[in-house]
Amino acid sequence: MIISSNDKISTPQAAVVVTNFILATGILTLPRTSVEKVKTPDVWLTVILGGIIMMIAGVIMVKLSQQFPGKTFFQYNQEILGKWFGWLLSLLIIFYFISISGYQVRSMAEVTNFFLLESTPIWAIIMPFMWIGLYLNIGGINSIARMFEIILPITIVFFLLVLFMSYKLFEIDNLRPVLGSGFLPVLKGLKTTTLAYSGPEIMLLLVAFMSQPNKAIKAVLIGTFIPLLFYVFLVIMVIGAFSINGVVVRTWPSIDLIRSFEIPGLIFERYESLLLVIWIMQIFASFTISFYAAALGLAQLFDKKVKFFIYCLLPVIYIVAMTPHTINELFKLEDVLGNIIIILFGVLPLILFIIIKWKRGKVDETIQ
Amino acid sequence: MWKNIVYFLPDWQVIMQAIIIFLIPYLISRLFIWIRENVNQTEKKQESNTFQESRATGDLNLDVKIIREKIGHNSDVHFREFIIGNTDIRAVIIFVEGLSDKDLIDQFIMKSLMNVSFKNKPLFVYKSSLEREDKIFEFIKNQVLHIGEVKETNNLNELTTKILKGSTALFIEGFLDAFILETVKGKTRSIEEPITEPLVRGPRLGFTELLSDNTAILRQHGENESLSLIKSQVGKRGKKDLVIAYINDIADPDLIQEIKNRLLKIDIDYLPETGYVEQLIEDNFLSIFPQVQNTERPDRVISALMEGRVAILLDGTPFVLIVPVTFSMLLQSPEDYYERWIPGTLLRLLRFLAAIIALLAPSLYISFISFQPALIPTKLAISIAGTREGVPFPSLIEALIMEISIEILREAGLRLPKPIGPAMGIVGGLIIGEAAVNAGIVSPIMVIVVALTAISSFTIPQYSAGITLRILRFVAMFFAALFGLYGVILFILFLCSHLVILKSFGVPYASPAVPYKLSDWKDFMVRVPIMMMKRRPKLTKTKDSIRKG
């Protein structure tokens with residue numbers, strides 16, 4: 001499936017897509033999961049380090065993609081690894097994207113079920129959500145990028161507003177002592193926080209769609225930097241309000257933060273529903289792009305149109321979303337996916353990059 | 001191990017749901033594809049039988065007889081026979097009373113021809129009679145007929161068509177060709193401000209039904225040098241003149257070509273209004289949103305032309321089409337530009353807010369009352385609960401009753417004669433609303449919400465966009481009734497997805513919000529001072545991007 005020249009996205013659009021893909025479930029669970037590992041209030045350092053590591057990984061992926069202009073990962077990994085291995089690798093990545101979509105949808109359904117619609121069955125929550133995702137995907141990468149450009153400012157403005165309003169609960173002492181137990185605990189939580197930034201892997205596909213691929217590095221850096229600022233701010237506010245002991249006992253600490261304060265006289269009284277509105281939009285963005293990535297991968301493997309696979313993947317992702325029976329299993333799925341990410345997107349692009357450099361070096365030698 | 005895998009296998013309910021989740025969008029997409037194919041099929045019509053070409057014979061009596069047979073039975077078609085000058089050459093003029101300019105015919109055709117004198121002309125010098133006839137013909141055309149537009153033809157069909165449009169046909173004995181003289185003077189009304197688009201501050205001009213008047217207004221008030229007006233004809237039976245207007249060194253040539261292609265594809269008998277043209281050339285006829293803007297105001301059209309857009313004018317209607325259009329343009333009013341930038345910006349923001357209220361207010365009401373009472377401040381929640389005490393219907397039905405009543409009232413208000421109109425407004429709005437509340441059918445909060453929604457929807461400057469929001473309001477109410485606040489979110493996502501996919505002549509409909517083009521944002525939600533708006537909008541891909549002054 002060759003990418004037509006109509007399907008080009010601009011550099012800011014690529015950055016926006018990356019940002020939207022990163023900001024997903026992590027918003028709600030990051031404070032708790034990171035504090036569980038680190039056990040000190042230095043989590044914000046971990047978050048910053050995690051972001052930097054992910055930026056490096058993103059740059060490697062972009063550099064790898066830039067070696068093959070106009071081709072997505074699914075097309076060029078066959079050049080690097082040979083037909084069968086490349087096929088296998090593409091299938092693995094498609095499987096990863098399908099799992100991530102299913103995970104996003106399910107976590108959204110769980111949260112909605114818990115906070116907004118108590119007695120609605122899960123399938124009734126998931127189905128319309130997936131249908132709208134399907135509709136957007138049929139419009140192509142251009143429409144998806146434009147939609148994300150609408151969703152992102154709304155999300156950021158609302159979240160920042162809400163976080164600012166919680167300044168009353170904020171106590172700077174909850175963040176101290178800085179580096180009290182040394183630097184080691186910071187490194188313990190690195191894996192969790194790095195995984196909260198999982199998202200730049202979408203650049204493996206996006207570089208082929210960009211109208212100016214040489215600016216892709218800038219796109220991925222900005223695209224990871226915005227969530228970095230966001231996460232740091234979030235973690236600081238949440239831990240500042242609850243202290244690490246309080247954070248560990250709450251499943252969704254960010255929502256509890258919103259619930260804990262009251263601003264009398266404003267139109268709404270309880271803001272967590274409002275926050276959830278915005279968060280659902282964000283999950284929609286995340287789900288849509290991973291759905292599209294999986295469909296695109298299959299379309300390029302089997303050389304058919306993307307639309308066909310978008311329809312076909314709908315029931316598959318649904319089944320994946322319904323597979324975990326309880327919320328604990330959902331979190332276990334997240335852990336498993338996290339491990340996969342490290343291998344697939346941390347180690348593998350580096351290896352592939354080295355291989356391609358080596359191969360191209362050999363070709364140059366033989367020519368000379 | 002095996003137990004684990006079996007544990008994770010989906011059970012039959014999940015598989016059933018997976019099948020349903022696939023089938024429903026698939027069937028809907030098949031339906032839409034089928035609808036579109038149907039539309040394209042009807043375009044494959046066989047060539048309509050062209051009328052028999054009938055040619056003039058040169059014999060005056062025969063030709064006039066043919067025309068008399070065709071249209072002579074009409075009471076307003078007149079045949080006038082006379083003699084030219086002091087010769088014995090007969091001539092006949094055929095004209096339609098009312099459509100043709102009587103003075104012009106009397107003074108400049110008949111008088112000139114009847115008074116012409118060949119005495120002093122060296123016409124009789126020529127030897128061959130053919131040459132002499134040619135010279136007489138040329139003489140009459142070049143020196144006798146004091147008319148601006150003169151054409152010669154011997155195609156009787158063309159003659160008939162032109163006569164019935166107001167031109168005059170002149171047959172002269174002995175000559176094969178007949179003259180067509182432009183003496184059209186149709187009836188037109190005076191130029192006054194359109195009723196549907198009044199402004200507090202701005203020119204009180206509106207287009208009329210006569211195409212020549214409208215093009216004249218454009219030339220008079222627009223830029224003169226590079227304003228191009230290209231005329232063509234549309235309609236198979238009722239041929240109407242259509243004019244495409246654009247500014248030559250600003251508009252994108254691809255856009256102009258695309259518009260011309262689409263106009264050529266119009267295959268219909270008669271186009272009464274530009275609405276038909278709009279529906280036949282728009283990108284996506286299944287979408288709720290209008291992809292072509294229509295207006296009666298010349299100042300709107302001229303500003304649009306200056307931005308690089310193209311206008312389409314049709315004879316017989318004052319509504320002019322402007323393409324391409326984006327959603328934000330439908331919420332803008334020329335007044336934003338005529339006032340200073342601070343009131344312009346604030347009024348525009350107010351209008352956006354009103355559009356959101358008009359769209360979402362009833363659905364938010366339904367979702368808050370039925371699903372999320374926790375979101376409302378406690379005191380308000382208690383008072384609402386108190387007023388909703390005796391209401392027998394669930395909030396969706398209550399909202400639907402009120403909304404449908406308001407829509408009926410609005411439609412009825414359009415057709416009421418002027419004396420009754422305001423009275424009906426008072427009756428409908430106040431009395432029926434009050435009565436409904438007192439009878440306990442609806443709660444007072446519902447009346448307030450509905451009234452607010454109706455008033456907000458009146459702030460939208462373009463009627464077509466207003467209709468769209470009214471329809472979408474009902475869809476939002478159904479979403480809210482199904483899923484509450486989650487339903488409203490889904491609706492917003494769906495709407496945004498649709499807006500983002502829709503294109504109007506190649507321009508994304510959701511511009512200039514997306515894709516990010518910061519310079520276009522100067523005119524989107526705010527209106528920055530005129531001094532800062534130095535470039536034309538990027539979305540129309542104009543050739544000359546710097547505004548002069």
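## Strand β9 of chain B

In β9(B), Leu314(B) is the bridge partner of Leu242(B). The model is predicted. A further bridge pairs Val243(B) with Leu313(B) of β9(B). These strands, β7 (residues 240-247) and β9 (residues 310-314) of chain B, run antiparallel and are joined by 4 bridges.

β9(B) also pairs with β10 (residues 320-323) of chain B, again in the antiparallel sense, over 3 bridges. Here Ile312(B) stands opposite Leu321(B).

How many of the 5 residues of β9(B) are buried? The count is 5 of the 5, so the strand is largely enclosed by the rest of the structure. Val310(B), Ile312(B) and Leu314(B) point one way. Ala311(B) and Leu313(B) point the other way.

## The sheet around it

β9(B) belongs to an open sheet of 5 strands. The order is β6-β7-β9-β10-β8 in chain B, with antiparallel pairing. β6 (227-234) and β8 of chain B stand at the edges. Each has a single partner strand, so one side of each is left without a neighbour in the sheet. On average, neighbouring strands are turned by 25° against each other, direction ignored.

Helix α7 (residues 211-221) of chain B packs on this sheet. The helix touches β6, β7 and β9 of chain B. Its direction makes about 10° with that of β7(B).

## Strand β4 of chain B

Strand β4 (residues 168-172) of chain B has 5 of its 5 residues buried, so the rest of the structure largely encloses it. Both faces are covered. Thr168(B), Leu170(B) and Ile172(B) lie on one side, with Ala169(B) and Phe171(B) on the other.

β4(B) has an antiparallel partner in β2 (residues 90-96) of chain B, joined to it by 4 bridges. Within that pairing, Ile93(B) has Leu170(B) as its bridge partner. β4(B) also pairs with β5 (residues 178-181) of chain B, antiparallel, over 3 bridges. Leu170(B) stands opposite Phe179(B) in β5(B). The hairpin of β4(B) and β5(B) has 5 residues between the strands, and Gly174(B) takes a positive phi near 95°.

## Domains of chain B

Chain B is divided into domain 1 (60-181), domain 2 (211-325) and domain 3 (337-523). The centres of domain 2 and domain 3 of chain B are separated by 32 Å, taken over C-alpha atoms. Their contact takes 14 residues from domain 2 and 14 residues from domain 3.

Which elements of domain 2 of chain B give two or more residues to the side that touches domain 3 of chain B? They are α8 (253-264) and β8 (293-295) of chain B. That side divides into 7 nonpolar, 5 polar and 2 charged residues.

## Nonpolar cores

Nonpolar side chains tend to be buried together in soluble globular proteins. The largest nonpolar core here has 209 residues. Val17(A), Val18(A), Ile202(A), Met203(A), Val235(A), Ala311(B) and Val488(B) touch the most other members. α13(A) gives the largest share of this core, 17 residues. Domain 2 (211-325) and domain 3 (337-523) of chain B both give residues to the core, so it lies between them.

What does Val18(A) touch, not counting residues up to four places away in sequence? Its contacts are Gly199(A), Pro200(A), Ile202(A), Met203(A), Ala219(A), Val220(A), Gly223(A) and Thr224(A). A second, separate core of 27 residues includes Ile67(B), Phe95(B), Phe175(B) and Ala178(B).

## Contact between the chains

The contact takes 37 residues from chain A and 34 residues from chain B. On the side of chain A that touches chain B, the elements giving two or more residues are α1 (11-22), α6 (122-138), α7 (141-165), α13 (272-302) and α14 (306-322) of chain A. α6(A) gives the largest share of that side, 10 residues. By class, the side has 26 nonpolar, 7 polar and 4 charged residues.

## An exposed proline

Pro422(B) is found in helix α15 (residues 421-439) of chain B. Is Pro422(B) buried or exposed? Pro422(B) has 11 other C-beta atoms within 10 Å, so it is exposed. Pro422(B) and Ile250(B) are 172 residues apart in sequence. In space they are 46 Å apart, C-alpha to C-alpha.

Methods
Residues numbered from 1 in each chain as written. Chains lettered and ligands numbered in written order. Predicted model: local features only at pLDDT ≥ 70, side-chain atom pairs only at ≥ 80, totals over all residues. Contact = placed C-beta atoms within 7 Å. Nonpolar A, V, L, I, M, F, W, Y, C, P; charged D, E, K, R; others polar. Domains from an automatic or database assignment. Pairing = 2+ DSSP bridges. Axes fitted to C-alpha atoms, helices over the stretch in contact; angles between N-to-C directions. Core = buried A, V, L, I, M, F, W, Y, C linked by C-beta atoms within 7 Å. Buried ≥ 20, exposed ≤ 12 C-beta atoms within 10 Å, placed from the backbone.
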